[in-house]
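Hi,

Here is the structure I promised to send over.

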Amino acid sequence: MTELERMIALKDIFRLKGRRDRALNTKDWEIYIALHEPENISGNEGEKPRRGARENAEGVARILEGILTVHHGHTPEIVFESPTAVRRVWGMEDLLLDEKSRRLLLHGFGFYHERYEKRDGQWLFCWRQLRRMLVFDYR
Amino acid sequence: MEGMSDLERLVALEEIRLLKARRDQAIDTKNWELYHSLHAPHHVSHNEGLPRWEGPDAMIAGTRASLEGKVSSHHSHTPDITFESPTKAKGIWGMEDLIFDEKTKELLLHGFGYYHEEYEKVDGQWKFVWRQLRRTFVLTKEAGNLPGQLRTWSRERHDRA
């Protein structure tokens with residue numbers, strides 16, 4: 001990989017991450033699914049990992065029924081496994097809010113460990129695991 | 001993007017990130033001269049719940065008035081930036097802001113949403129030409145749903161239990 005190719009991959013994955021957070025926060029599940037490989041694996045602590053991009057989106061949509069979210073990703077580390085496979089670790093913060101009562105339900109902090117692959121010229125999520133540092137649970 | 005090399009696109013992305021950082025810094029430090037210089041003369045700001053501000057002067061007058069006696073903190077995250085041409089781009093940024101009372105230091109508002117923006121390169125400099133804040137949600141002192149207020153509430157409830 002040339003330096004320029006690395007920079008382009010960094011930027012493309014950065015944008016992929018931003019689009020994923022926005023699709024989640026605006027509940028645009030079609031975009032959310034399109035950003036993941038069909039066989040993507042996604043896991044949160046205390047839950048069984050969800051296999052499949054569509055199955056994952058459906059599971060997340062169920063959990064977030066009646067709930068608004070904010071997910072922010074910060075200052076990613078990066079490891080290139082190959083020109084088409086990358087791992088990143090992102091600092092993260094999330095808030096969950098009850099849509100009706102406008103009560104804050106949860107304010108959490110942690111790290112997203114993620115892996116991406118480039119398929120047909122597009123970077124896509126193929127694995128994600130959230131590791132929590134701290135959660136304020138107001139429920 | 002046609003008419004743009006990979007390197008030119010990377011340079012433009014960094015310049016737009018810097019423009020955004022300066023804007024957030026200018027508003028939080030109330031440096032209105034810097035704030036003005038980051039916007040093109042034909043810039044339009046149209047934030048939810050606020051009037052449409054045509055031109056940097058109207059925007060700064062409106063922004064100054066809304067932040068009178070207040071301290072703000074604006075953070076922007078993970079932009080989705082696309083180019084329409086080598087001199088025109090659009091960006092969507094995750095955002096979070098906190099507004100404090102300048103005297104009492106009390107938190108008044110903790111808000112979240114997305115900034116939808118457009119930029120143009122004018123005389124070699126990227127400038128803002130359009131901005132719209134679309135909120136996902138806002139916690140306020142008035143509504144009693146700020147994290148600090150809730151933490152107290154949550155602890156009291158826990159103590160009683």
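In what sense do β1(A) and strand β6 of chain A pair, and over how many bridges? They run parallel, with five bridges between β1(A) and β6(A), the latter covering residues 122-137. One place to look is Ile41(A), whose bridge partner in β6(A) is Trp127(A). Before you go further, please keep in mind that this is a predicted model.

That pair belongs to an open sheet of six strands in chain A, ordered β2-β1-β6-β5-β4-β3, with mixed pairing. β2 and β3 of chain A are the edge strands; each has a single partner, so one side of each has no neighbour in the sheet.

Now the helices. α1(A) lies across β3, β4 (85-98), β5 and β6 of chain A, and its direction is at about 160 degrees to β3(A). α3(A) also packs on the sheet, where it touches β1 and β2 of chain A and makes an angle of about 45 degrees with β1(A).

Leaving aside residues up to four places away in sequence, Ala57(A) touches Trp29(A), Tyr32(A) and Ile33(A). Ala57(A) and Glu30(A) are 27 residues apart in sequence, with 8.7 Å between their C-alpha atoms.

On to the interface: 24 residues of chain A are in contact with 22 residues of chain B. On the chain A side, α1 (3-25), β3 (67-82) and β5 (104-119) each supply at least two residues. The largest share, twelve residues, comes from α1(A). By class, this side of chain A has ten nonpolar, six polar and eight charged residues.

Finally, the confidence numbers. The predictor gives the complex an ipTM of 0.91 and a pTM of 0.91. For chain B the mean pLDDT is 92, and 93% of its residues reach 70 or more.

Cheers

Technical notes:
Residues numbered from 1 in each chain as written. Chains lettered and ligands numbered in written order. Predicted model: local features only at pLDDT ≥ 70, side-chain atom pairs only at ≥ 80, totals over all residues. Contact = placed C-beta atoms within 7 Å. Helix = DSSP H or I, 4+ residues; strand = E, 2+ residues; numbered from the N terminus. Nonpolar A, V, L, I, M, F, W, Y, C, P; charged D, E, K, R; others polar. Pairing = 2+ DSSP bridges. Axes fitted to C-alpha atoms, helices over the stretch in contact; angles between N-to-C directions. pLDDT = per-residue confidence, 0-100.
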